[in-house]
Amino acid sequence: MVDSTVVELSRLQFALTAMYHFLFVPLTLGLSFLMAIMESIYVMTGRDIWRRMTLFWGTLFGINFAMGVATGIVMEFQFGMNWAYYSHYVGDIFGAPLAIEGLMAFFMEATFVGLFFFGWDKLSKRGHLAATWAVAIGSNFSALWILIANGWMQNPVGSAFNPQTMRMEVTDFAAVLFNPVAQAKFVHTVSAGYVCASVFVLGVSAWYVLKGRHLELAKRSMTVAASFGLASALSVAVLGDESGYLSTEHQKMKLAAIEGMWETQPAPAAFTAIGFPDQEARETHYAIHIPVLMGLIGTRSLNTEIPGINELVVHAEDRIRDGIRAYDALQKIRAVPAGTPVPLALREAFEANGRELGYALLLKRYVDDPRQATAAQIAKAAWDTVPHVAPLFWLFRVMVGIGILLILLTGTFFVLSARRALDRHRWLLKAAVWAIPLPWIAIEAGWLVAEFGRQPWVIEGVLPTAVAVSDLGVRTLLFTLGVYILIYTVLLVIEMKLLLKTIRKGPPEEHAPEVGLQHGPAVLATAVKGA
């Protein structure tokens with residue numbers, strides 16, 4: 001049986017480190033492209049203001065990039081330290097995208113970051129611009145491989161369980177690469193990063209306008225940020241719709257939990273705008289529905305049902321029973337002496353139910369041998385497939401609500417920019433400043449929806465979270481959790497201080513000598529030393 005305290009502490013530790021790390025990633029993704037856009041305009045026009053804009057926002061990018069690297073490296077080590085059985089069970093598949101990300105994307109990104117900061121007086125304009133675009137492409141390419149790995153956790157295609165090695169193995173690497181869930185998650189995630197950086201640039205620039213400082217740089221930055229941010233925010237909405245559609249096919253329970261949908265609704269299903277999910281009563285109180293909308297989002301049709309939680313639990317119980325048959329066949333296969341051919345009947349018994357083996361492993365929380373589980377334990381394990389509904393329900397609505405606000409915000413400043421009226425309404429400028437934290441709140445809420453909604457699975461339908469952890473003691477986990485929180489908080493404080501110091505100082509002065517271009521590396525070096 002599994003120690004639930006170890007499982008929950010391991011989950012908490014990984015969640016906290018991932019959430020800390022993801023405070024830095026979106027800004028890196030978005031600022032890299034904004035820098036590239038600004039420098040492209042500088043190369044095309046030759047106007048020094050665009051060089052100074054690139055340098056200033058690049059300095060903030062450098063601080064954030066350094067912290068992202070410092071917090072991200074630890075996460076990969078956690079797979080081996082805290083999730084040893086996970087690494088053993090799916091390492092052949094999950095490890096490949098991470099290795100490619102490190103060897104290809106991250107090395108590319110890190111190399112060209114150096115050229116961006118130290119190559120201003122050593123490269124031609126076009127050469128430096130190429131390096132800047134390589135930074136942007138590399139950072140987004142890095143996100144692609146990581147999200148391919150994460151997408152496989154949500155929808156484990158192109159793989160199969162090998163009963164001889166007791167591990168998952170790749171059967172079709174192309175299917176892993178072009179996993180529709182991974183592709184939708186990639187575009188959705190990087191677009192959210194673009195929105196994050198755009199709102200950051202918009203808010204900081206609005207603060208300069210309110211203070212009457214660096215107006216030429218601020219207004220141009222606001223124009224770029226509003227345009228790029230509006231396009232990105234609309235992309236987030238479109239790809240969010242695609243994710244909802246894919247969830248109907250691949251993660252039905254997550255979608256039902258997000259909607260607080262306990263019973264299967266007649267097609268087309270209504271969208272629950274607001275309500276109060278009650279997991280004990282298994283109903284959503286005071287629900288306000290928008291007719292037809294969920295059917296269009298989830299199925300893109302008017303005649304397809306979306307199954308509710310109660311129906312999915314019944315299906316889960318059937319799958320657990322099939323999984324027990326697979327587990328029984330697997331144990332008999334393992335008992336066959338080495339060198340002796342596995343009887344055909346055993347192979348066929350396993351192949352008939354092997355896809356449901358993960359559902360049998362859900363019973364490991366209650367009994368060491370799933371074949372010995374009682375009907376009550378099977379029923380309880382079936383209900384374990386239901387994540388905590390209320391947090392998912394509200395986190396999703398927080399994410400969507402903020403997304404709508406950011407579309408309105410970037411759209412408003414896009415119109416003001418077109419009318420050359422960016423400084424006309426001080427209350428809007430103040431709103432832009434106060435809106436800076438909103439993308440991070442939405443992004444963290446979205447990450448929680450994606451990962452929390454997959455529970456109790458670490459690999460959807462394949463490997464339960466409860467059996468994926470390392471055999472660690474509670475004291476060890478508590479100690480390392482405390483150390484991580486302390487170190488990551490220190491890094492976050494350093495990041496905030498460096499960002500605020502750089503913003504208060506402002507961009508280099510107009511017609512600054514070439515040596516002034518070393519301002520970026522100096523701040524970056526300070527960030528690395530502080531880390």
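User: How many cavities of 30 Å³ or more does a search of the whole structure find?

Analyst: Some ground rules come before that. This is a predicted model, where local features need pLDDT of at least 70 and side-chain atom pairs count only at pLDDT 80 or more, while totals for chains, interfaces and linings use all residues. Residues are numbered from 1 along each chain as its sequence is written, and side-chain values use heavy atoms, with hydrogens and water left out. Now the general idea: rolling a probe the size of a water molecule over the atoms shows where empty space is left. On a 1 Å grid over the protein atoms alone, a cavity is a set of points where a 1.4 Å probe fits but cannot get out, and a pocket is an open set with protein on both sides within 12 Å along at least five of seven lines; lining residues have an atom within 4 Å of a point. The search of the whole structure turns up one cavity of 30 Å³ or more. The largest cavity holds about 30 Å³ of space.

User: Which residues line the largest cavity?

Analyst: Its lining consists of Gln13, Leu16, Thr17, Tyr20, Leu481, Tyr484, Ile485 and Tyr488. Helices α1 (4–21) and α18 (474–505) each supply at least two of the lining residues; helices here are DSSP runs of H or I with at least four residues, strands are runs of E with at least two, and both are numbered from the N terminus. By class, the lining has six nonpolar, two polar and no charged residues. In that scheme Ala, Val, Leu, Ile, Met, Phe, Trp, Tyr, Cys and Pro are nonpolar, Asp, Glu, Lys and Arg are charged, and the others, Gly among them, are polar.

User: What is the volume of the second largest pocket, and which element gives the most to its lining?

Analyst: That pocket has a volume of about 1000 Å³, volume being the space filled by probe spheres set on the grid points, which are joined across faces, edges and corners. Of its 41 lining residues, Arg319, Arg355, Tyr359, Glu460 and Gly461 are the closest to the centre. α11 gives the most to the lining, with five residues. The lining splits into 18 nonpolar, 13 polar and 10 charged residues.

User: Now helices. At what angle do α9 and α11 pack?

Analyst: Two packed helices are described by the angle between their axes and the distance between the axes. Axes are lines fitted to C-alpha atoms, for helices over the stretch in contact, and angles run from 0 to 180 degrees between N-to-C directions. α9 (residues 252–259) and α11 (residues 309–334) pack at about 155°, their axes 9 Å apart. That makes α9 roughly antiparallel to α11 (under 35 degrees is roughly parallel, over 145 roughly antiparallel, 65 to 115 roughly perpendicular and the rest oblique). Lys252, Met253, Ala256 and Ala257 of α9 make the contact (heavy atoms within 4.5 Å) with Ile309, Leu312 and Val313 of α11. Sorted by class, this contact has six nonpolar, no polar and one charged residues.

User: How are the axes of α7 and α8 arranged?

Analyst: The axes of α7 (residues 180–211) and α8 (residues 215–250) come within 6 Å and cross at roughly 155°. So α7 is roughly antiparallel to α8. Their contact divides into 21 nonpolar, 11 polar and two charged residues.

User: Where is the cis peptide bond with an omega of about -5°?

Analyst: Alanine 267 and proline 268 are joined by it. Proline 268 sits in the loop between α9 and β3 (271–278).
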